[in-house]
Amino acid sequence: MDDSETQSADSGTPPARGLLASWKRVLSGQRTPPPVRLNLALQGGGAHGAFTWGVLDTLLEDPRFEFEGLSGSSAGAMNAVVFAHGWLQGGREGARVALAKFWTELGQQMPWGLMTRRKGDSIGFSPAGQLFSSWAGQFSPMQLNPFDLNPLRDLLVEQIDFARLRAHSPFKLFVGTTQVSTGKLRVFRESELDVDVLLASACLPKLHRTVVIDGEAYWDGGYTANPAVFPLFYECEARDVLLVLLNPLRREGTPGSVAEIETRIAELGFSANFMREMRMFASATQFAAAERFGQGRLEQRLLDMRFHMVDTSRIESLGRSDSKLLPHGPFLQRLQQQGREHAAAWLQAHASALGRHSSIDLQALFG
């Protein structure tokens, strides 16, 4: 199916009209290039994941792209699973509707009284919110929430048909979690998905009850992979990988205040494993290119990989780590719009590279 047929099917246009347009192009000698298949690596970042919602929304509007594998931890995993569930329900438009419904309803969970606007385009905790945050740092989730009330669980159960997704996922899904006892990354596949897997991927142990699956305790996947890229390399055929990042690769200046230092420490902690993995790809690709005695399957696969990236380094509203814990509706909507704008600008600048070559320099960024 070419992109015009896909577009007509998604938009409600009668299929015959799409087929007629295709035949007209064939008869006139025009050829429509086949869609480029993308793998998506979606970084976690709490409420900042609404930015990724905007990026995905823009990609879903563009019939030039199809999707094979989605990997994510924490909010990245939420976006990946909601994306796949929505697509299963109604194709591209179904994925857009599902993402909008998830983030809109999530935005109604946080009372505005816990937040306040800061200078520029960001928000933060109000005095009441800061008091609540300090309490959270002094007590365990078991003490703060003895009945294990979790609105996110209710939201996920209400919106996602996990049984159907396990049986008929339209994409390969890779959900990152951290095994508490060993510190190892555990990647759950689409056939293993349930609400506990998603909650485990987003489990910050100071705020949420530890999630136990088959007798093993799990915490946020961001501690060990944010996100895991290697499954997209080993288990997917598509060679183009789009990295959608929420933590900046580079910060200008040296943190000075306590808040700035804490923000940067948190960013480094949740980015360290991702940076190490991408450095491995950069070094291995360089090694494969210099191989003198022929290139094997692994070397050729490395050389065929094409990496792309949507970066958020200059987005002020993503600059504070505390706003990751503030899923307030207007803030999420603003992030979604920024995600759409950045994705549109990225496509304008780099869409022609997809399917042909990387649009980032791995050595310069990660080597």
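Which residues make a nonpolar surface patch of about 310 Å²?

**View 1. The whole chain, as a predicted model.** This is a predicted model, in which local features need pLDDT of at least 70 and side-chain atom pairs count only at pLDDT 80 or more, while totals for chains, interfaces and linings use all residues. Residues are numbered from 1 along each chain as its sequence is written, and side-chain values use heavy atoms, with hydrogens and water left out. The protein chain has 14 helices and ten strands. Helices (H or I, at least four residues) and strands (E, at least two) are DSSP runs, numbered from the N terminus. Of the 367 residues, 48% are buried. Here "buried" means under 20% relative accessible area, "exposed" means over 50%, and "partly exposed" is in between (1.4 Å probe, protein chains only). The chain exposes about 17,700 Å², with carbon and sulfur atoms supplying 55% of that area. Accessible areas come from the Shrake-Rupley method with a 1.4 Å probe, and for residues only the protein chains shown count as cover. Take the contacts (heavy atoms within 4.5 Å) between residues at least 6 apart in sequence: 76% of them join residues at least 24 apart.

View 2. F230, Y234 and L298 are the residues that make the patch. Patches are built from residues with over 30% relative accessible area and no salt bridge; like charges are joined within 9 Å, and nonpolar side chains (Val, Leu, Ile, Met, Phe, Trp, Tyr) within 5 Å. L298 sits in helix α12 (residues 297-304), and it counts as partly exposed because its relative accessibility is 44%.

View 3. Helix α4 covers residues 75-106, yet its end C-alpha atoms are only 12 Å apart. A straight helix of 32 residues would span 46 Å at 1.5 Å a residue; that expected span is 1.5 Å times one less than the number of residues. Look for G90, where a kink of about 135° is centred. The bend at a residue is the angle between axes fitted to the seven residues ending there and the seven starting there. Now find S74, in the loop between β2 (65-73) and α4. Its phi is near 55°, a positive value in a residue other than glycine. S74 counts as buried because its relative accessibility is 9%.

View 4. The structure holds 15 salt bridges, each one a side-chain nitrogen of Lys or Arg within 4 Å of a carboxyl oxygen of Asp or Glu. R64 and D62 form one of them, at 2.5 Å from N to O. R64 counts as partly exposed because its relative accessibility is 40%, whereas D62 is buried, with a relative accessible area of 12%. E267 pairs with R264 at 2.8 Å, N to O. Both belong to helix α11 (residues 258-289), three residues apart, or about one turn of the helix, and both are buried. There's also a network of salt bridges linking D57, E61, E93, R96 and R340.

**View 5. Around E190.** The side chain of E190 meets that of R189 in a salt bridge of 3.0 Å, N to O. E190 is buried, with a relative accessible area of 16%. Find A167 too, in helix α8 (residues 162-168): A167 and E190 are 23 residues apart in sequence and 8.3 Å apart in space, C-alpha to C-alpha. A167 counts as exposed because its relative accessibility is 54%.

**View 6. Q179 and K184.** Q179 lies in strand β5 (residues 172-179) and is buried, at 14% relative accessibility. Setting aside residues up to four places away in sequence, Q179 touches K184, E216, A217 and Y218. K184 is in the loop between β5 and β6 (185-189) and is exposed, with a relative accessible area of 55%. Between K184 and Y218 there are 9.8 Å in space, C-alpha to C-alpha, though they are 34 residues apart in sequence.

**View 7. Two loops with backbone details.** The peptide bond from N226 to P227 is cis, with omega near 0°; P227 is in the loop between β8 (216-220) and α10 (230-234). D214, in the loop between β7 (211-213) and β8, has a positive phi near 50°. D214 is exposed, with a relative accessible area of 76%.
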